[in-house]
Structures are given as structure tokens and as C-alpha cells.
Amino acid sequence: MRAPLVALLALALLAAPARAQDDPPAISAPSAILVEASTGDVVYERAADKRRSIASATKLMTALLTTEHAELGDKVTAADYVAAPIESKLSLRPGERLSVADLLRGLMLESANDAAVTLAEHVAGTRAAFVRRMNQRARQLKLRDTHFSNEIGLDEAGNYSSAHDLARLAIELRRHSFVRKIADRTSATLSTGYRERTIRNRNTLLTKDRWVNGLKTGHTAMAGYVLVGTRSRRQITLVSVVLGTASMAARDSDTLALLKWGAGRYERIHPVTRGAVVGTPEIEFRRGATLTLVTSGGVRRTVRSGAEITVNDVGIPATVKGPIKRGQRFGYREVLADGKRIAAVPVVSSSSVPAADLPQRTKEWFTKPFALLLAGALLGGTVLAARRARRGPPRPRSPRSQEPEAA
């Protein structure tokens with residue numbers, strides 16, 4: 001019995017690290033989430049729909065509305081906003097003019113409150129009008145656990161969100177390339193304004209992990225330490241949100257643990273390539289001719305690691321008939337991951353086919369077996385009729401001479 005027991009123990013020891021790797025990391029944040037950006041797939045969550053104060057993560061919506069409604073090159077007059085000594089700020093002078101691009105850099109990296117107010121007034125005219133737009137955009141994005149009372153993120157009744165909503169907001173904001181680029185920088189120099197300013201990114205994870213590339217930090221007494229983090233590697237981007245952590249160290253530790261763990265949960269696949277031959281149906285009235293059907297595009301997707309991938313061709317005909325235009329659609333090729341469709345690529349003709357003319361239709365008809373039999377029968381009947389015609393009408397039969405009956 002000793003040998004089997006040793007073998008079982010060995011297997012258990014080998015399996016233990018694998019199970020430990022599969023388990024999510026232990027984190028301290030009371031609310032957290034981890035999402036794959038391209039699909040919105042949630043791989044980890046803890047109280048992700050609980051409404052909480054979010055501090056300067058509020059500025060994600062401020063940045064989104066700015067990128068949607070202002071030009072980066074626009075020059076904007078600084079708002080008459082006096083920031084408290086403890087607030088993050090660019091120390092803008094009233095009347096100073098900066099570009100929208102520089103103000104966004106100050107908003108995202110330095111988390112500058114005076115930049116937020118200046119952008120709000122530029123986009124909507126007044127801060128109150130801008131906040132109304134923030135809540136309207138939140139409804140459009142179906143952020144059901146989100147409401148804004150200010151564009152800055154100061155503790156105020158009615159200014160809250162959830163880890164789940166912030167992840168969705170971050171994914172929407174990252175569609176803008178300018179925001180992605182500035183969030184991935186450890187520092188920036190603002191060249192507009194009355195003086196040149198160099199600012200540093202408050203997201204210190206950029207210096208701790210080369211794959212981390214965003215996105216926004218926050219901290220107030222009510223919200224605690226907040227971080228909406230992003231990490232991209234091998235064309236897979238993960239978005240994490242941790243809310244209410246007790247310290248900057250805990251905030252960074254939780255975020256990095258989630259992002260690194262999540263990296264092993266997904267893989268990138270390329271199940272369909274552009275121009276792949278799907279079928280070669282026969283062309284009616286063109287005996288022996290075929291039309292090549294191909295995929296109109298390729299598919300690259302992020303899926304859970306180990307997902308069962310199935311590729312099916314749907315609606316592909318066995319025969320086709322002209323006229324057919326090049327690129328005309330004939331069915332599609334679908335991709336399923338664990339039985340769920342994740343992509344569908346149209347299948348199209350690789351060339352044109354004109355409509356068949358009368359001689360082609362006639363020729364094709366006469367090459368069919370049934371037509372050959374019918375033609376043979378008709379030909380045979382015609383030959384027989386011709387022979388009879390040459391012989392003339394049949395002669396009447398003469399009555400046989402009657403023989404005398406035997407006596």
C-alpha cells in the first residue's frame with residue numbers, strides 16, 4: 001500500500017500549485033472588479049455593484065465628455081477657481097489660456113481640479129450644465145449605479161459610482177487614442193499657458209510593471225484610495241477597479257495582483273483568416289465550372305484560456321446561378337467559444353459570374369441525363385417515322401382463296 005500512497009501524495013503536491021494559480025488573489029479592497037476590455041467579460045468581482053464614493057475617478061467622465069465635445073487644439077481660458085491647499089491642481093491663473101490637450105494631461109496625470117473646472121466650463125458653459133451632461137452620458141452608457149454631483153470628485157452627497165460602472169466607463173474612455181497615450185506616460189510637459197509646467201503621473205504602477213498603461217487614481221477621506229488600472233500584454237487588455245482601500249500601498253498591491261492574475265485567464269485566438277476558401281459550388285448552365293467562395297475578413301478574439309473553439313459554415317450553397325457580382329454574400333462562417341457565438345464573418349464570391357445566355361442554357365440542358373434519354377427517344381421515333389414514310393402506305397392484304405372442305 002505504501003507505493004500507491006506515495007504516488008497519490010506526489011500527484012497532490014503537483015496539483016497544489018496549479019490550483020493556487022487558478023484561485024484569485026487575496027485583496028483588501030471592499031469593492032473590486034477585473035474585466036477583459038474587448039469583450040467586457042468579468043473574470044473577478046467583489047461587491048462590484050455597491051455604490052461608493054469614487055474621488056477623482058469622477059474625472060473619467062470629465063475626460064470622456066471633453067474628448068467627445070472639444071478639439072484638442074482649442075485654447076481655453078482658465079476658470080476662476082480657487083483650489084484649496086490640499087487639492088490637486090495646476091495652479092492656473094485666472095485668464096490664463098491653455099490647450100484642451102494640456103488641460104487633459106493635467107486632468108489625467110496630475111488629477112488637477114482647476115483643469116477639471118476649466119474643461120467643464122469650456123464644454124458646457126457652466127459647471128452645473130456640465131454635471132447635467134455627466135449624468136445624461138451615464139444614463140446613455142447604462143451606468144445604473146452612478147451619479148455625479150461635481151466634475152472633480154470631491155466628497156459630496158450624490159457623487160458615487162460602483163466598481164462595475166467605473167470599469168465600463170474606463171473601457172469607453174479608452175476608445176480615444178489620446179487618452180490612452182497620456183495615461184501611459186509617467187510625466188508630461190505642458191507647453192501652453194503663461195509658463196511651462198512639468199507634471200508627474202500619480203499612477204505609480206507605471207513604474208512598477210512595464211505592461212501597466214493606465215488609468216486613473218483617486219483619494220478622499222470618504223472614498224479612501226481608488227485606482228482604475230489597465231494593463232495590456234499580447235493584445236489582451238484588462239481593466240481593474242479597486243475602491244475604498246486603506247492606503248496607497250494597498251491600492252497598488254490589490255490592483256497589480258488582480259491584473260497579473262487575470263493575464264493568465266485569457267488567450268488571443270485567430271480562428272478565421274481573410275480569403276480562406278469556404279466552398280466551390282457548381283455554376284448552373286456551365287458544366288464543370290465552379291465558383292470559389294471565401295471569407296470576407298479575418299477574426300481575432302480574446303477568449304477565456306482553454307475555451308472550446310468551434311467554427312461552422314452556415315448557408316453555403318451547393319450550386320449557384322449567375323448573374324453574380326464579385327463580393328456577393330453567400331452565407332457566413334461563425335466562431336463559437338464554449339458554444340457561444342463570438343464572431344460571424346460573411347462568405348462572399350471571389351469573382352463575378354455573368355448570367356447564362358440561351359445557347360449556354362440549351363447546351364447545359366442537352367447534357368443532362370434525362371434530356372439525353374428524351375432526345376434519344378425523340379430521335380429514334382423520328383428515324384422510325386422516316387423509314388415508314390419512304391416505304392409508302394401499307395398494301396391491303398388479299399383474302400385467302402377458300403379451299404374445298406373435305407367430304
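1. Which residues does Ser53 touch, not counting residues up to four places away in sequence? They are Asp155, Asn159, Met222 and Ala223, where contact means heavy atoms within 4.5 Å. Ser53 is placed in the loop between strand 2 (42-46) and helix 2. Its relative accessibility is 17%, so Ser53 counts as buried. Buried means under 20% relative accessible area, exposed means over 50%, and partly exposed lies in between, with a 1.4 Å probe and protein chains only.

2. On the basis of this note: the model is predicted, so local features need pLDDT of at least 70 and side-chain atom pairs count only at pLDDT 80 or more, while totals for chains, interfaces and linings use all residues. Residues are numbered from 1 along each chain as its sequence is written, and side-chain values use heavy atoms, with hydrogens and water left out.

3. On the overall composition: the protein has 10 helices and 18 strands. Helices (H or I, at least four residues) and strands (E, at least two) are DSSP runs, numbered from the N terminus. The protein has 407 residues, of which 45% count as buried. Among the contacts with a separation of 6 or more, 62% come from residues 24 or more positions apart.

4. On the nonpolar cores: a nonpolar core is a set of buried Ala, Val, Leu, Ile, Met, Phe, Trp, Tyr and Cys residues joined through side-chain atoms within 4.5 Å. The largest such core has 66 residues, and the members that touch the most others are Met61, Met108, Leu166 and Val228. A second core, separate and of 18 residues, includes Ala29, Ala32, Leu205 and Trp261.

5. On Val228: with its neighbours within four places in sequence left aside, Val228 contacts Ala57, Leu60, Leu166, Ala170, Gly214, Leu215, Lys216, Val239, Ser240 and Val241. Two residues in that list, Gly214 and Leu215, are also joined to each other by a cis peptide bond, with omega about 15°. Leu215 belongs to strand 7 (residues 212-220).

6. On helix 4: this helix covers residues 113-124, and its 12 residues reach 17 Å from the first C-alpha to the last, close to the 16 Å expected at 1.5 Å a residue. The expected span is 1.5 Å times one less than the number of residues. After helix 4 comes Gly125, with a positive phi near 95°.

7. On the pairing of helix 3 with helix 4: the two pack at an angle of about 140°, and their axes are 9 Å apart. Axes are lines fitted to C-alpha atoms, for helices over the stretch in contact, and angles run from 0 to 180 degrees between N-to-C directions. Helix 3 and helix 4 are therefore oblique to each other; angles under 35 degrees count as roughly parallel, over 145 as roughly antiparallel, 65 to 115 as roughly perpendicular, and the rest as oblique. From helix 3, Val100, Leu103, Leu104 and Leu107 meet Ala115, Ala116, Thr118, Leu119 and His122 of helix 4. An α-helix has 3.6 residues a turn, so residues three or four places apart point the same way.

8. At 41% relative accessibility, Ser91 counts as partly exposed. Gln235, also not a glycine, has a positive phi of about 65° and lies in the loop between strand 8 (224-233) and strand 9 (236-245). At 58% relative accessibility, Gln235 counts as exposed.

9. On the loop between strand 16 (319-320) and strand 17 (329-337): Pro323 lies here, and a cis peptide bond with omega about 5° joins Gly322 to Pro323. Ile324 is placed in this loop as well. At 4% relative accessibility, Ile324 counts as buried. Residues up to four places away in sequence aside, Ile324 touches Leu291, Phe330, Ser349, Ser351, Ser352 and Val353. The C-alpha atoms of Ile324 and Val353 are separated by 4.8 Å, although the two residues are 29 residues apart along the chain.
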